[in-house]
Amino acid sequence: MAALRNKSDQEIKDLLDEYGIKHGPVVDTTRPLYEKKLKETMAKAKVTVTKPSPDRTFYREDQEEVTYVTYQTPVRSEGPSGDGKPYMRSRPEYSERDRVDDKPYSRPEYSERDRVDDKPYSRSRPEYSERDRLDDKLYSRSRPEYSSGRPYIDEPHVYNTPSSSSYSKPTPVVKSGGGVVKKENTTSSGRLIPLWVQFLVFLILAGFLYFIFTNMESAESSPFNRIQ
Amino acid sequence: MSSTSQKHKEFVAEPMGEKPVNALAGIGEVLGRRLEEKGFDKAYVVLGQFLVLKKDEELFRDWLKDSCGANVKQQGDCYGCLREWCDSFL
């Protein structure tokens, strides 16, 4: 609303009423004051409106990146079949990321991707992080498709058995990624000691103190009894 | 109630007539000159603005700050002076 100056007095008055600003008649001497007030109020209103959305997308990106990074290790450990093949399968996000390798690739076309994937696949491991950022939106869109269990034509045998068992649920992967984060990588959560360890230590300590407390001698008997 | 200045007492004691703008409490030489440059050369013109702003304190204070750069104390003095004058004579 940059054209406050060009509005008529009546329009200024209407805007003031709309924002609930107390005012008098809009005359020559009062107009600049009211324009200023309107500008401030509109700026404030705009800020509150636009704030949530950028955060939302940002969060999603963040989460995806995080889950991506942390997932690498567990996947690696369990993938005897190939270098990184299970990677792709296990993490639906991963596979989508792989897709990024081939730029002309269209998102939903998984099957073609597989074939082309072999080479970029192995080297793409460390490059995932970059790709993540590119792909977030595409990612999220195609994820629901993923859950349907899209087959990887090239290496179905590799993926399906080991990975599907462990990562059979693509969607919870995202959520469990949070848990994995804590175990593997502390960069995102920022905890030196995992939460469950903290709880455990606390419980042990509490139990120990309770044990001591209950085994204390009762104070009813006078400590000053003569030893006879 | 905060004590009022001599200027304030003098102003509210009688109809303002053609008194200059720096007769108002809170408005000294510098502020008075700035107001005159904007066309508010007499106290009654400032009174007119005060009335057009419906005698609202916040609006008047904002306007005074914008037009001559009055600080909070000066704004308060001027507002109080005009309001009391209005109570007596308007």
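This report covers a helix pair, the nonpolar core and the salt bridges of a predicted model.

## Helix packing in chain B

Helix H3 (residues 43-52) and helix H5 (residues 72-89) of chain B pack against each other. Their axes come within 11 Å and cross at roughly 85°. H3(B) and H5(B) are therefore roughly perpendicular to each other.

From H3(B), the contact uses B:Val46, B:Leu47, B:Phe50 and B:Leu51. From H5(B), B:Tyr79, B:Leu82, B:Arg83, B:Trp85 and B:Cys86 take part. By type, 8 of these residues are nonpolar, none is polar and 1 is charged.

## The nonpolar core

The largest nonpolar core holds 37 residues. B:Leu24, B:Val46, B:Phe60, B:Trp63 and B:Leu82 have the most contacts inside it. Helices H1 and H2 of chain A and H1 to H5 of chain B each supply at least two core residues. H5(B) gives the largest share, 6 residues.

Leaving out residues up to four places away in sequence, B:Leu82 touches B:Phe11, B:Met16, B:Leu24, B:Val46, B:Leu47, B:Phe50 and B:Phe60.

## Salt bridges

The whole structure has 11 salt bridges over all chains. In one of them, A:Arg31 pairs with A:Glu35, with the closest N and O atoms 2.8 Å apart. The two lie 4 residues apart in helix H2 of chain A, about one helical turn. A:Arg31 is buried at 13% relative accessibility, and A:Glu35 is buried at 10%. Shared partners link A:Arg5, A:Asp9, A:Arg31 and A:Glu35 into one network.

Another salt bridge joins B:Glu58 and A:Lys37 (3.4 Å, N to O). This pair crosses between chains, from helix H4 of chain B to helix H2 of chain A. B:Glu58 is exposed at 53%, whereas A:Lys37 is buried at 12%.

Terms used: Residues numbered from 1 in each chain as written. Chains lettered and ligands numbered in written order. Predicted model: local features only at pLDDT ≥ 70, side-chain atom pairs only at ≥ 80, totals over all residues. Heavy atoms only, no water. Axes fitted to C-alpha atoms, helices over the stretch in contact; angles between N-to-C directions. Parallel < 35°, antiparallel > 145°, perpendicular 65-115°, else oblique. Contact = heavy atoms within 4.5 Å. Nonpolar A, V, L, I, M, F, W, Y, C, P; charged D, E, K, R; others polar. Core = buried A, V, L, I, M, F, W, Y, C linked by side-chain atoms within 4.5 Å. Buried < 20%, exposed > 50% of the residue type's maximum accessible area, 1.4 Å probe, protein only. Salt bridge = Lys/Arg side-chain N within 4 Å of Asp/Glu carboxyl O.
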